[in-house]
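Subject: Structure handover

Hello,

Here is the structure you asked for. My notes follow below it.

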Amino acid sequence: MNVEPKKLSPLNLAFVGDCVYEMMVRETLVCAANRPVNDLHAESVKYVSAKAQTQAYEKIRNILSEEETAQFKRGRNAKTGHLPKSATSAEYHTATGIEALFGYLYFIGEIDRIRELFKIINE
């Protein structure tokens, strides 16, 4: 990949980070139990909501590096243009920040760090 993540918009980082975060959720659920796909989907929704991602941020906020915090804030402060019905504005922006952080980490190749943060989120 030939991209400089710091030059990408925070919403582009969040676009990719949303997928990375969901992949971590799906991997965790599948590895925990072999069960029907419909059950997996229903369970995954609990982890990828804005409310759940806000709780995830609270678990990792104190261990983020300065650069990780900066990338989170870029995402959190981005102008998204809309709000979902199931989240407050603060929750939605925090979730966008988490997704931007995960997108940034993905683009810089920090897969081990993604796994480390996700492990803490799931404890």
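Contact here means heavy atoms within 4.5 Å. By that rule, and not counting residues up to four places away in sequence, Tyr21 touches Tyr47, Val48, Gln53, Ala56, Ile98, Phe102, Phe118 and Ile121.

Some ground rules. This is a predicted model, where local features need pLDDT of at least 70 and side-chain atom pairs count only at pLDDT 80 or more, while totals for chains, interfaces and linings use all residues. Residues are numbered from 1 along each chain as its sequence is written, and side-chain values use heavy atoms, with hydrogens and water left out.

Core
The largest nonpolar core has 25 residues. Such a core is a set of buried Ala, Val, Leu, Ile, Met, Phe, Trp, Tyr and Cys residues joined through side-chain atoms within 4.5 Å. Buried means under 20% relative accessible area, exposed over 50%, and partly exposed in between (1.4 Å probe, protein chains only). Tyr21 and Phe102 have the most contacts inside the core. Helices H1 (10-32), H3, H5 (89-107) and H6 (111-121) each supply at least two of its residues. Helices are DSSP runs of H or I, at least four residues, numbered from the N terminus.

Rings
Rings of Phe, Tyr and Trp (its six-membered ring) pair if their centres lie within 6.5 Å; planes under 30 degrees apart count as stacked, over 60 as edge-to-face and the rest as tilted. The whole structure holds four aromatic pairs. Tyr57 and Phe72 are stacked, at 4.0 Å centre to centre with 5° between the planes. This pair links distant parts of the chain: Tyr57 sits in H3 and Phe72 in H4 (residues 66-76), 15 residues apart. Both Tyr57 and Phe72 are buried. Tyr106 and Phe107 pair edge-to-face, because their ring centres are 5.8 Å apart and their planes lie at 70°. Tyr106 counts as partly exposed, at 33% relative accessibility. Ring pairs also link Tyr21, Phe102 and Phe118 into a cluster.

Helix packing
Axes are lines fitted to C-alpha atoms, for helices over the stretch in contact, and angles run from 0 to 180 degrees between N-to-C directions. Angles under 35 degrees count as roughly parallel, over 145 as roughly antiparallel, 65 to 115 as roughly perpendicular and the rest as oblique.

H1 and H5 pack at about 85°, with axes 6 Å apart. They are therefore roughly perpendicular to each other. By class, this contact of H1 with H5 has 13 nonpolar, three polar and two charged residues. Ala, Val, Leu, Ile, Met, Phe, Trp, Tyr, Cys and Pro count as nonpolar, Asp, Glu, Lys and Arg as charged, and the others, Gly among them, as polar.

H2 (residues 37-48) and H3 (residues 50-60) pack at about 55°, with axes 5 Å apart. That makes H2 oblique to H3. Lys46, Tyr47 and Val48 in H2 meet Ala50, Ala52 and Gln53 in H3. Those residues divide into four nonpolar, one polar and one charged.

Two alanines
Ala50 lies in H3. Ala50 counts as buried, at 12% relative accessibility. Beyond four places in sequence, Ala50 touches Ala87, Glu91, Tyr92 and Ala95.

Ala78 is in the loop between H4 and H5. Ala78 counts as buried, at 9% relative accessibility. Leaving aside neighbours within four places in sequence, Ala78 is in contact with Pro10, Leu11 and His93.

Best wishes
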